[in-house]
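Me: Please take one part of this chain and look at it closely. Go through the strands and helices there, then down to single side chains.

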Amino acid sequence: MINTPSSLQDLRRNIYVKAKAEPSWRFWGLYVHICKMETLREAYTLARKNNGAPGVDGVTFEVIEAKGVEKYLEQIQGELIDRTYVPLRARRREIPKDGGKVRVLSIPAIRDRVVQGALKLIMEPVFEADFQPGSYGYRPKRTAHEAVHRVATAIVQWKTRVIDLDLRAYFDTVRHHLLLEKVARRINDDEVMRLLKLMLTVSGKQGVPQGGVISPLLSNVYLHWFDKLFHRADGPAQWAGAKLVRYADDFVVLARFQGTRLTGWIESKLEGWLGLEINREKTRVVKLREEGGSLDFLGFTFRYDEDLQGRGWRYLNVSPSAKALKKEREKLHEMTDHRQCFKPIPQLIEGLNRHLKGWKNYFDFGYPRQAFRDINWYVRGRLTQHLRRRSQRPFRPPEGVSFYEQIRRFGLENL
């Protein structure tokens, strides 16, 4: 699932095989594996790779490595073995969102990232064996493209009545006692449960902190039971022929027909059983076969368009959404702002090429040609403006060479 030392990788594989073969088995004796130096070293390596800002204690990776990583991990191991480990309060940071709203990230101290990472390394294979095929977010070897492809496949199978669900502040509304109960269905280890409860309660009375290493796994565990009920013999997958595609807390239900029974079932399980809140302002039913029907999911828009050949056919068009294009233009505007004049032009072009390549790799699905063409024109227009007003002596291309030609010579690549 991830690159780990062979013995730890073998342990994770054995746990996964056991969990897959015996869906009702409750694992015990896991805490000792969390405390092993091998697990803690791997957790530190993963945390170091992600880097990130320090927590409330102000300790950075540079400080740890200056004093010695082994000594640092031995101290954490000692606290875990002696049962004296207590996580620190996470540092809160606000990230702006659309509409003037903010998302609050919780940044744990590095020591807590290491412990959370060690716990995740041991717990993850247990629940990976249980998760449903329609769940994609925050899972190893599963991509957003696979989720988009699953949605497109369901639509061409005439499941064109789509319930586009939105949960209000999902991560902040997870009930701790329900989450612990669901974890305990697979883990029969008091020390693991005690450690997990410590991690949860340090951030408040409910919710899993966004920014925590183990939070993505826990968020999937919580919603897994909705996925499981959905696919049971008495669930909508059977009596409505519906298909569920979920990427973390962003999910859609696709069916040939949509009625009050299906929406009522979804509401009763998410709100009544899991204690979550459906954001009815953003949740909507999309009828894709009707005029103007379109669905936005993971940055892509799904809609039926008229065949350009004039044959009267309609085809499923999957392309980058208007919101994704707007966000990309804003990013390119920022990268070519006049405040970037201090950068040498080759360095600026190199950064743009790297960014645009990543954007293209994600959105190169379906029919993105028009969107790529629009972004190409936009970035060249922005670069032209940037070069014209660059510092106090604007750049001038050689005589007889247009700005667009000069930009191409600088090495800007097309999408």
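**From sheet to helix pair**

Reply: Arginine 303 has asparagine 317 of strand 9 as its bridge partner. The model is predicted. Strand 8, residues 300-306, pairs with strand 9 through seven bridges, in the antiparallel sense. Both belong to an open sheet of three strands, ordered 7-8-9, with antiparallel pairing. Strand 7 (294-297) and strand 9 (314-320) are the edges; each has a single partner strand, so one side of each lacks a neighbour in the sheet. Neighbouring strands are turned against each other by 25 degrees on average, direction ignored.

Now the helices. Helix 14 covers residues 322-335 and helix 15 covers residues 345-363. Their axes come within 11 Å and cross at roughly 170 degrees. The cut-off for roughly antiparallel is over 145 degrees, and helix 14 and helix 15 are therefore roughly antiparallel to each other. On the helix 14 side, the contact uses Ala324, Leu325, Glu328, Lys331, Leu332 and Met335. Helix 15 contributes Leu348, Gly351, Leu352, His355, Leu356, Trp359 and Phe363. By class, the residues of this contact are nine nonpolar, two polar and two charged.

Is glutamate 328 buried or exposed? Its relative accessibility is 3%. Buried means under 20%, so glutamate 328 counts as buried. Leaving out residues up to four places away in sequence, glutamate 328 touches His355, Leu356, Trp359 and Ile375. With histidine 355, the glutamate 328 side chain makes a side-chain polar contact of 3.0 Å. Tryptophan 359 lies 31 residues from glutamate 328 along the chain, with 8.4 Å between their C-alpha atoms.

Key
Residues numbered from 1 in each chain as written. Predicted model: local features only at pLDDT ≥ 70, side-chain atom pairs only at ≥ 80, totals over all residues. Heavy atoms only, no water. Pairing = 2+ DSSP bridges. Helix = DSSP H or I, 4+ residues; strand = E, 2+ residues; numbered from the N terminus. Axes fitted to C-alpha atoms, helices over the stretch in contact; angles between N-to-C directions. Parallel < 35°, antiparallel > 145°, perpendicular 65-115°, else oblique. Contact = heavy atoms within 4.5 Å. Nonpolar A, V, L, I, M, F, W, Y, C, P; charged D, E, K, R; others polar. Buried < 20%, exposed > 50% of the residue type's maximum accessible area, 1.4 Å probe, protein only. Polar contact = N/O pair within 3.5 Å; in protein donor to acceptor, adjacent residues only side chain to side chain.
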